[in-house]
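Visitor: Let's go through this one together. Can you put it up on the screen?

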Amino acid sequence: MNPAKPGETPRTPWIVGVSGASGTPYAASVLRALLDAGESVDLVVSRASRLTLLDETGISFRDAHWEDDLREWLSRGAEGKPGVFDVDITGVRHWSAGDLAAGPSSGSYPSKGMLIVPASTACVAGVALGLSKDLLQRAASVTLKEGRKLVVAVRETPLNGQTLRHLVTLDDAGATVVPASPGFYAGATHIQDLVDFVAGRVLDAAGVEHDLYRRWKGELGAGSAD
């Protein structure tokens, strides 16, 4: 576990919000990397995202069985094959999306910040407008008002003017907007590589160390397949 910094408690988690946009493999990659880095995680899975997770993986995420469901989800590769990753989830605490009395709903609850991955346009709008209709949106609003790091990995295309204005509002409020747009210069040869690139850029924005992708070193052709 990473040592606590001044002002942090022994368990000062990253809050990870998963909204209903397509792209649950991005969330899985971020979660695995946070745990690999020794970080604690508070997880909020929205109601809409559970439908997306079921559609993309066949996994039903249930509050009463969240540990088993999370373990199964994080063990899968981006292509859906089970048993690809061996993940220790002891650093994760789960909060129901409907629990507005949960820890992350208050600014006095310690956290390092929040990552929303993937972020749907509805989620982006709700956070930008300060609606706080569920715990995910409330936790994001708290993160902004407390001046903590908020990273929003928006996953939608094309983007209309209304969503673009909402994203500018989030940027003005101090959030970092990371479009879920994979880069190809790192030498991707598999769908997991493309997913990990986006997850890595989310973690870069949060300041969390990882080795999810090969970084640019100023050498043309370094990412080409042999």
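Visitor: Where is the place of Pro158?

Guide: Pro158 is in the loop between E5 and H6. Helices are DSSP runs of H or I with at least four residues, strands are runs of E with at least two, and both are numbered from the N terminus. This is a predicted model: local features need pLDDT of at least 70, side-chain atom pairs count only at pLDDT 80 or more, and totals for chains, interfaces and linings use all residues.

Visitor: Is the peptide bond from Thr157 to Pro158 cis or trans?

Guide: Cis, with omega near -5 degrees. The bond from Val117 to Pro118 is cis too, with omega near -10 degrees. Pro118 lies in strand E4.

Visitor: Switch to the sheet. What is the strand order?

Guide: E3-E2-E1-E4-E5-E6. That makes six strands in an open sheet, with parallel pairing. Two strands pair if DSSP finds at least two bridges between them.

Visitor: Which strands stand at the edges?

Guide: E3 (92–96) and E6 (176–177). Each has a single partner strand, so one side of each is left without a neighbour in the sheet.

Visitor: How many bridges join E5 to E6?

Guide: Two, and the strands run parallel. E5 covers residues 149–154. Val151 has Thr176 in E6 as its bridge partner. E4 and E5 are joined by five bridges, also running parallel. There, Gly113 stands opposite Lys149 in E5.

Visitor: Is E5 largely enclosed or open?

Guide: Five of its six residues are buried, so E5 is largely enclosed by the rest of the structure. Buried means under 20% relative accessible area, exposed means over 50%, and partly exposed is in between, with a 1.4 Å probe and protein chains only.

Visitor: What lies across E4 and E5?

Guide: Helix H4, residues 121–129. H4 runs at about 145 degrees to E4, which spans 113–119. Such angles run from 0 to 180 degrees between N-to-C directions, with axes fitted to C-alpha atoms, for helices over the stretch in contact.

Visitor: Leu129, buried or exposed?

Guide: Leu129 is exposed, with a relative accessible area of 56%. This residue belongs to helix H4. Ser141 is twelve residues from Leu129 in sequence and 9.3 Å away in space, C-alpha to C-alpha.

Visitor: And what does His166 touch?

Guide: Val124, Ala125, Ala128 and Leu129, not counting residues up to four places away in sequence. Contact means heavy atoms within 4.5 Å. His166 lies in helix H6, residues 161–172, and counts as buried at 12% relative accessibility.

Visitor: Which residues in H6 are buried?

Guide: Thr163, His166, Leu167 and Leu170. They cover an arc of only 100 degrees around the axis, which puts them on the same side of H6. The arc is that of the directions from the helix axis to the C-beta atoms. Arg165 and Asp172 are exposed on the other side of H6.

Visitor: What covers the buried residues of H6?

Guide: The cover includes H4, helix H5 (135–145), E5 and E6.

Visitor: What happens at the start of H6?

Guide: A side-chain oxygen of Asn160 reaches to within 3.2 Å of the backbone nitrogen of Gln162. Just after H6, Gly174 takes a positive phi of about 110 degrees. Ser132 has a positive phi as well, about 50 degrees, although it is not a glycine. Ser132 is in the loop between H4 and H5.

Visitor: Last one. Where is Leu54 found?

Guide: In helix H2, residues 47–57. Leu54 is partly exposed, at 40% relative accessible area. Beyond four places in sequence, Leu54 touches Ile59 and Ser60.

Methods:
Residues numbered from 1 in each chain as written. Heavy atoms only, no water. Polar contact = N/O pair within 3.5 Å; in protein donor to acceptor, adjacent residues only side chain to side chain.
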